[in-house]
Amino acid sequence: MAAQNIAGRSAADDATRQKEFIWPCVGTYYEHPLVLERGEGMYVWDSSGTRYLDCFGGVLTTSVGHARPEVVQAIASQAGAIAHTSTLYINKPQLDLAEKVAAITPGRLKKSFLTNSGTEADETAMLLARIYTGNYEIIALRHAYHGRSMLAMAATGHAPWKHGPSGVAGIVHAHAPYCYRCPFNLEPQSCALECARDVEELIQTSTSGAVAAFIAEPIMGVGGFITPPRDYFKVVTEIVRRYGGIFICDEVQTAWGRTGEKWCGIEHWKVEPEVMTFAKGMANGSPIGCTTAVPEVADRYPSLTFSTFGGNPVTAAAALATIRVIEENDLPQNALHVGGYLRSRLDELKDKYQVIGDVRGMGLMQGIECVKDRKTKEPDPQAVLRVFDETRKRGVLIGKGGLYGNVIRLGPPLIAGRSDVDELVTALDGAFGAL
Ligand code: PMP
């Protein structure tokens, strides 16, 4: 008999209703999609009561675990006090959150504008850069993902995520620091960071020579956890600043503590952005976007602007509680250690299975790129789909990404322990073994 959920409908019924009432562009994982109804800590349960270890956290968003009591409590008590103020009045949770963000972001980053999504955070950042510099042109990266508004989509560097007439003038895409598939066919040990240096020629040949911003993720999330070489950001930001631009660091996937040890991903590369954007894991699943800038840049945004739900007190309370949990439990350190253990176990899998071409990432943000042949590096998205089904059978949820859909993305909540890693790797081992 088909499994019934609480409302008495089977998962198959829900899949049919999804097709009928939700736009078909909203894709779901798995041929028979999962209906998730409950979560607790590292686990989620589907509508038939089956439990899964969640190793993707709703795309790196459930950062401190499902139904984390401190976050649930903060949401409930703020909703019971006042759930909405608009930005026309001072609301303390927003203020407290912005003050906290100033404390945990690097260097002189200080002033925040709160919105509802990563898209809005990036859109705000790019507009701010154009206003501040007086320049128009923006450099983004191939393989990047920045959102689904026209401007954020235009900055995105993946055809599958860019739809029809979404073009916005003034955005050019530089080569990604994608060492496994180096756009210059060079080796990381001896490449002299050609991908970063090429940005100068890009500016000279494809822009007016006056740049507003360079926007990039410290580790390219949707792109398949592409991790740049150590000095990439130092070289590229020096070039961009020479041509008048500022650096917008999109930390939507990499903050807070995800990459291990540090609060923000960019801190590993010792570069200070003028603007940073946050969303996803910031409020453990409540909708939030945050654009944080150094004062002289933030102050240039002219009056007036408004966001009905931006800085909403309930969401801000959820974000504050999330950040507090990360801080009090030193989850950046946990991500470093447990992420390091995960990486060593994935490297073992790479030794065992030829289909694994590359393992990369930092902290609890680790990717496995699957290829048909290690020499030709031909992408193998079918293998990823099969690993998806096999890990699901074994009670583990994983994510995927990459331009070719051939990268397994692992981004469990930051509370993950070594035993969770063991459970994940056992499932992956079984899944790769079953290919
Ligand atoms: N930037 C990055 C790096 C992202 O990964 C995403 C979402 N995948 C976004 C921006 C857009 O965020 P949202 O979906 O909240 O609009």
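**Close-up views of a predicted model**

Y30 is buried, at 13% relative accessible area. The views below all come from a predicted model.

**View 1. Y29 and Y30 form an edge-to-face ring pair.** The two ring centres lie 6.2 Å apart. The planes meet at 80 degrees, so the pair counts as edge-to-face. Y29 is partly exposed, with a relative accessible area of 29%. Y30, in contrast, is buried. Ring pairs extend the group into a cluster of Y29, Y30, F56 and F388. Y30 also has a charge over its ring: the charged end of R392 sits there, 4.9 Å from the ring centre.

**View 2. The charged end of R51 sits over the ring of Y43.** The distance from the charged end of R51 to the centre of the Y43 ring is 3.7 Å.

**View 3. Y145 and W161 pair edge-to-face.** The model has 13 aromatic pairs, and Y145 with W161 is one of the edge-to-face pairs. Their ring centres are 5.5 Å apart and their planes stand at 80 degrees. Y145 lies in the loop between β5 (137-141) and α6 (150-155). W161 lies in the loop between α6 and β6 (171-174). The pair therefore ties together parts that are 16 residues apart in sequence. Y145 is partly exposed, with 22% relative accessibility. W161 is partly exposed too, at 43%.

**View 4. The largest nonpolar core holds 125 residues.** The residues with the most contacts inside this core are L97, F214, F233, W256, L428 and F432. Helix α10 (residues 313-328) gives the largest share, nine residues. Domain 1 (70-328) and domain 2 (331-408 + 416-435) each supply at least three residues to this core.

**View 5. F233 and its contacts away from the local sequence.** Neighbours within four places in sequence are left aside here. F233 then touches F214, A216, E217, P218, P228, F247, I266, W269 and V271. F233 and F214 are both among the residues with the most contacts inside the largest nonpolar core.

**View 6. Domain 1 meets domain 2.** The domain assignment gives domain 1 as 70-328 and domain 2 as 331-408 + 416-435. Their C-alpha centres lie 26 Å apart. At the interface, 27 residues of domain 1 are in contact with 25 residues of domain 2. The two domains bury about 2100 Å² between them. Of this area, 63% is on carbon and sulfur atoms. On the domain 1 side, Y180, R181 and F225 lose the most area to domain 2. Together these three account for 33% of what that side buries.

**View 7. G118 is buried in helix α5.** The helix spans residues 118-133. The relative accessibility of G118 is 15%. G118 and V252 are 134 residues apart in sequence. In space, their C-alpha atoms are 6.2 Å apart. Beyond neighbours within four places in sequence, G118 is in contact with H146, V252, A279 and I288.

**View 8. T391 is buried in helix α12.** The helix covers residues 381-393. T391 has a relative accessible area of 0%. With neighbours within four places in sequence left aside, the contacts of T391 are V396, I398, A427, L428 and A431. L428 is also one of the residues with the most contacts inside the largest nonpolar core.

**View 9. Two cis peptide bonds.** Most peptide bonds are trans. The bond from A255 to W256 is cis, with omega near -25 degrees. W256 is found in the loop between β8 (246-250) and β9 (275-278). A cis bond also joins S303 and L304, with omega about -10 degrees. L304 lies in the loop between α9 (295-298) and α10.

**View 10. N185 and N284 have positive phi.** Most residues other than glycine have a negative phi. N185 is not a glycine, yet its phi is positive, about 55 degrees. N284 likewise has a positive phi of about 55 degrees. N185 lies in the loop between β6 and α7 (194-206). N284 is found in the loop between β9 and β10 (289-293). N185 is exposed, with a relative accessible area of 72%. N284 is buried, with a relative accessible area of 13%.

Conventions:
Residues are numbered from 1 along each chain as its sequence is written. This is a predicted model: local features need pLDDT of at least 70, side-chain atom pairs count only at pLDDT 80 or more; totals for chains, interfaces and linings use all residues. Side-chain values use heavy atoms; hydrogens and water are left out. A nonpolar core is a set of buried Ala, Val, Leu, Ile, Met, Phe, Trp, Tyr and Cys residues joined through side-chain atoms within 4.5 Å. Buried means under 20% relative accessible area, exposed over 50%, partly exposed in between (1.4 Å probe, protein chains only). Helices (H or I, at least four residues) and strands (E, at least two) are DSSP runs, numbered from the N terminus. Domain bounds come from an automatic or database domain assignment. Contact means heavy atoms within 4.5 Å. Rings of Phe, Tyr and Trp (its six-membered ring) pair if their centres lie within 6.5 Å; planes under 30 degrees apart count as stacked, over 60 as edge-to-face and the rest as tilted. A charge sits over a ring if NZ of Lys or CZ of Arg is within 6 Å of the ring centre and within 35 degrees of the ring normal. Buried area is the accessible area (1.4 Å probe) that two parts lose on being put together, summed over both.
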